[in-house]
Amino acid sequence: MELSSPFRGTGGFSNRITRLFGIEYPIIQAGMIWASGWRLASAVSNAGGLGIIGSGSMYPDVLKEHILKCKAATPRPFAVNVPLLYPDIDKHIQIIIEEGVPIVFVSAGNPKKWTSVLKENGITVVHVISSSTFAKKAEDAGCDAVVAEGFEAGGHNGREETTTMVLIPAVVNAVKIPVIAAGGIATGRQMLAAMVLGADAVQMGSRFVASDEASSHLNFKNAVINSHEGDTILTMKQLTPVRLIKNKFFKEIQEAELKGASAEDLKILLGRARAKKGMFEGDLEEGELEIGQVSANIKTILPAAKIVDEVWNEFKVALEDPLKKD
Ligand SMILES: Cc1cc2nc3c(=O)[nH]c(=O)nc-3n(C[C@H](O)[C@H](O)[C@H](O)COP(=O)(O)O)c2cc1C
């Protein structure tokens, strides 16, 4: 089979997302608390994908430092993820504008809130959603693209439990703007599947946690590559649903929920430091370990550039003969 039209004569690839962001491959490294600082983001951008700094775990001065270091480490476009769950959003947005960050991925909140401010400052805005209703809202608010994140995904997640396989065609049908698929994608074959369903690009989180440049603790990276199917669960639906590894901390949450804990009780049990304790300090028992179902398919920790390369090459090989069994 001939490689299809987005591949131009020279072997390059071009579609709505590569043109929107000015990148080589439609591969996006997700913004992730306690994992994606300037080292990971710049490595992915230098490799031809789009690297994203995760600002959710950063104080404003720390975010500024990461943006400055990222700019020094890559001449290529990169983005900042702003999850609207956390404090200091106004300050983060101000720094992003002042430092001329070209692309922002906003998540966990209303797309009406910041889109116009960012757009007025010449920034490309992408909103993360988990339903076609919210995809439409993001489009109506003026976003340039959406990330459609399915139930399999690591981190905070939609309450409705719509899987990537179901979500992508629904969102592609609902909006005209480009759709980036996320949740359960770690290989070139999974990428191809998402693009066959109509996605213009993929965003991978879990796969990039298992990279040399991720700032996550090695204990956490090792837990990721040693995990199996069924080892993660979407929990804390009363508060903000999150997919994590079922460890001792999760069991405490589960017991509290069985005893009828309120959202307030869960908030106290969770605290802000739990995620840092688990993912950044490597406490695999007491900490919160956010990761996607696809961790079961990830077996090695690699340099980020190698991950981009591997996924892209596998995608191209699979595209030439999609039904071939290895
Ligand atoms: C450790 C970790 C931290 C995450 N932190 C954030 C975050 O701060 N903001 C956000 O929008 N999504 C966050 N996510 C979700 C990712 O952005 C991404 O959409 C998701 O990981 C995709 O699914 P996958 O893990 O199956 O690749 C996080 C995911 C992980 C695994």
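**A tour of the ligand site**

Select Gly184 first: one of its polar backbone atoms lies 2.8 Å from an oxygen atom of the ligand, a polar contact being a pair of N or O atoms within 3.5 Å. Taken alone, the ligand exposes 600 Å², of which the protein buries 96% (Shrake-Rupley areas with a 1.4 Å probe). This is a predicted model, in which local features need pLDDT of at least 70 and side-chain atom pairs count only at pLDDT 80 or more, whereas totals for chains, interfaces and linings use all residues. Residues are numbered from 1 along each chain as its sequence is written, and side-chain values use heavy atoms, with hydrogens and water left out.

Now select the whole shell, with a heavy-atom cut-off of 4 Å: 22 residues surround the ligand, and the closest are Asn81, Ser107, Glu149, Gly184 and Ser206. Strand E3 (78–83) and strand E9 (201–204) each supply at least two residues of this shell, strands being DSSP runs (E) of at least two residues, numbered from the N terminus, and helices runs (H or I) of at least four.

Finally, zoom out to the protein, whose secondary structure comes to 14 helices and 11 strands, and whose C-alpha trace spans about 60 × 50 × 35 Å along its principal axes.

Notes: A polar contact is a pair of N or O atoms within 3.5 Å; within protein, one must be able to donate a hydrogen and the other to accept it, and residues adjacent in sequence count only if both atoms are side-chain atoms.
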